[in-house]
Every structure is written in C-alpha cells, then in structure tokens.
Amino acid sequence: MAQLSKDSFAADDRLMTVDEAVAAIFARMPCIEDVEPVSLIEAEGRVLAQDLIAPRDLPGFDNSAVDGFAVRFDDLAPAVETVLDLGGRAAAGHALAITDCRTAAGFAGKAVRIFTGAAMPEGMDTVFMQEDCQRISDGRVSLPPGLSRGANRRLRGEDISVGETALRAGRRLRPEDLGLAAALGLDRLGVRRRLKVAIFSTGDEIVSPGEPLKPSAVYDANRFLLQGLLRRQGVSVTDLGVLADDTAEIRSAIRAAAREHDLVLTSGGVSMGEEDHVKAAICDEGALVFWRLAIKPGRPVAMGVIEGVPFVGLPGNPVAVFIAFAFIARPLIAALSGAEFEPERRFPVKSGFAYKKKAGRREYVRVVVLTDSTGAMVAEKYGVEGAAVLTSLTRTHGLVELPEDVVKVAPGDVINFIDYDLIR
C-alpha cells in the first residue's frame, strides 16, 4: 500500500478552503500500485490501470445501418426515381447471396437486398431504408430520389480505429465501457486492486443499531451512511464498530487499522471540545495535515497521516459527514485508487429562497427542486437546517453550492445545484 511521510503536506492552523484541500490531495497523494486482471463481468466499478488501446477497427467492415437496399450511388438518377434489378441478398453474419450470374464485384446497375449489420457488397456505398422503397413483382425495386451518397452506411473504424485509445487509465469502469471492451474482443482488463478502507465511529453516546439504547445515547447512523458512500466508490470496507471517548483506545485502534488498510475514516471527536479525542490521538501517533475547513456543514474535518497511511476524521453530525465525504473524502479515494476524479456536476437553477452567509466559507444548502409556471427549475431550501437532521438529506433532491465570495442569495438569483445522484 502507498506510504506517506509525516511531512507529506504543509499545513497551518488556518481554515483551509475545499479547493486548497483537494489540490493538496492530488498533488501529494500516491495511488496504490497493485494491478490485477479481472474478467469483464467483474470489472464494473473498478479503476482501469493502463490505457486500453483498440486492437482492431470498430466496426471491422463497412456495414448497413438499416434494413433496406444497397446500391452504388452513381447508378441513381439525380432527380427522379430509379428502378434497379435485385442482384443479391446480404444478411448479417452470412456471405453475400448472389441471385444472378454476376460476381459480387460486378453489381453495376443492380441493387442488393440488405439487412442491418450486414457487410456492404463490394463497390456499393449507399443504403435505402426499406420503408422508402417499393418492390416490383418482376424482381426489381423502385428507389426514390434525394438520398445522399453514403446514407445509412456505417464505415469501418468510424466508432474507433485500431491503435486508438479506447479507454484511458484511471477511468472508473461503467457498464458502457465494458460493452466497448467486449466489442473490441477483450474478455479481461487490468485494474487497480480495490482500496481497503477501515471505518469506525467514536463517542460514549453512540450505540450500534440492534443494541439496547441506554439513556442519553443515540443510534449510530454514520457508519452505515459511510459504508453506502464507500461502496459507491468500489472500495473494500472494514467496519470496526464504535470506539469510546478514550484517547488511548482511539490511538491504538487507528494505529492497528492503518497497518492493514489504505485509508482510515472515523466520524466524531474532531472538534475542540474536551471529549473530542480523535484529533489528539492523531497528533500523538502521526501528523495532522489539517483539521478545519472553510465549509458548512462540515468544518471540523481532520486529515492526517498515521503509520504512513492517510487518515480522515469526519464530523459527528450525519449531514456534515455526508458533505465532508462528498467533497473531501471522495477526491482522496480517487487519488489513492489512481482514478480520474470526476468533479460534481453543477446545474444552474433559480433560487426560491433568501439566504445570508459569511464570506470566505463555502456552504451547501439542502434543497428540493421544483418547476415553476415558466418551466424554470427553482430550488427551495429545506425547512430545518441542522447538521444532525437526516431528513434534510432524505427529503431533498440535492445541494445548492454557495461559493466563498457569495454572502447572500435572493429569490430569483441563479445558483448552482448538485443532484445527490450525481455525487459518485
């Protein structure tokens, strides 16, 4: 696994912006080096380790895009219908069936009945769709005027040419990528091994679901939220449960987890309170990179290095966990995995609310997006803003991002919307 030195990052005690944090991650974070071959069936969601170079043209031959009639364009009358004898039949996966004594190279003045995917007969360059033509009983076909040369013909290599880069290294493979690899004749791909991530929650008040709930305790939502987010990233997750508010216990657990994993994630215990022990544990055992970000919700985010392995301490409130994971942990996982990072897609919408914020801090507001009477998309802020309010995630469509230089929003302003489903 990748090993980091304690001084891999230069840090100070000021609030770091999200962009600064992400830039530092990609500038200094080495990716795992292990590569393994996997079958196409197992490759979805994995990170491609080397560029995939096309071993052949796709398609491998000129072929018809429709069911119809193949002709030589030069045999067509320019402004009136053309009537041609049928000289053959071409079906996908079969050799050309010739219906008269001519050779395949001698189809001048003839048409060939052809089906989708069938190879174009030699010398023929244009295909009429069958619904535009009229079959004549004596073995001829009437073709309308107006078709362009090369119509309805797929050219050899028009999708991708031999030697061209089909997929670039670092791509997190999607089903359509596997389809392309299969079409090129490949049944296996070299991918980075899965990142191994350890997670646990901290806090004397935290209880795992299914256990008795003691007075003043709460059930742990964060580990289950994180497991779902991590599995979206295609990593292998180890759930280490809940740790008590004890610096020695936390220090020992983080050190042990770092020895067996590529990344350690915790939630809770990274703020400034007397019972926030995670920050102290990291300072004791490793190096703290940063522990406060200019972001809301999610300001208390600690990033460090322990046993040469990166560590991220997320806030204790579930909404802050979600935000910090999306905009800090997700880029970190991409860098460690050798994956090309895909920033969150932002879409302009109209604000349906008024809002004020501090300059120098990026804020994420949970919103529902509706369509107004003009057809415009309008974002309406969820009524309860607290970082512990899980329904503000489950009952909304996404986030409005308010950059550092924005201090207020008025109804009708154009703002950037990020759909939850597009945070991958």
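Me: What is the bridge partner of serine 201 in S18?

Reply: Strands pair if DSSP finds at least two bridges between them, and strands (E, at least two residues) and helices (H or I, at least four) are DSSP runs numbered from the N terminus. Here serine 201 has serine 267 as its bridge partner in S18. S14 (residues 196–202) and S18 (residues 263–267) run parallel, joined by five bridges. Keep in mind that this is a predicted model: local features need pLDDT of at least 70, side-chain atom pairs count only at pLDDT 80 or more, and totals for chains, interfaces and linings use all residues. Residues are numbered from 1 along each chain as its sequence is written, and side-chain values use heavy atoms, with hydrogens and water left out.

Me: Which strands stand at the edges of the sheet?

Reply: The open sheet has six strands in the order S17-S14-S18-S22-S21-S19, with mixed pairing. S17 (236–243) and S19 (287–290) are the edges; each has a single partner strand, so one side of each lacks a neighbour in the sheet.

Me: How is the protein divided into domains?

Reply: Bounds come from an automatic or database domain assignment. That gives domain 1 (18–34 + 194–337), domain 2 (63–154) and domain 3 (347–422). Over C-alpha atoms, the centres of domain 2 and domain 3 are 57 Å apart.

Me: And empty space: where is it left?

Reply: Rolling a probe the size of a water molecule over the atoms shows that. For the second largest cavity, the lining is Leu229, Arg232, Gln233, Phe325, Ala326, Arg330 and Ile423 (a cavity is a set of points on a 1 Å grid over the protein atoms alone where a 1.4 Å probe fits but cannot get out; lining residues have an atom within 4 Å of a point). H6 gives the largest share of that lining, three residues.

Note on methods. On a 1 Å grid over the protein atoms alone, a cavity is a set of points where a 1.4 Å probe fits but cannot get out, and a pocket is an open set with protein on both sides within 12 Å along at least five of seven lines; lining residues have an atom within 4 Å of a point.
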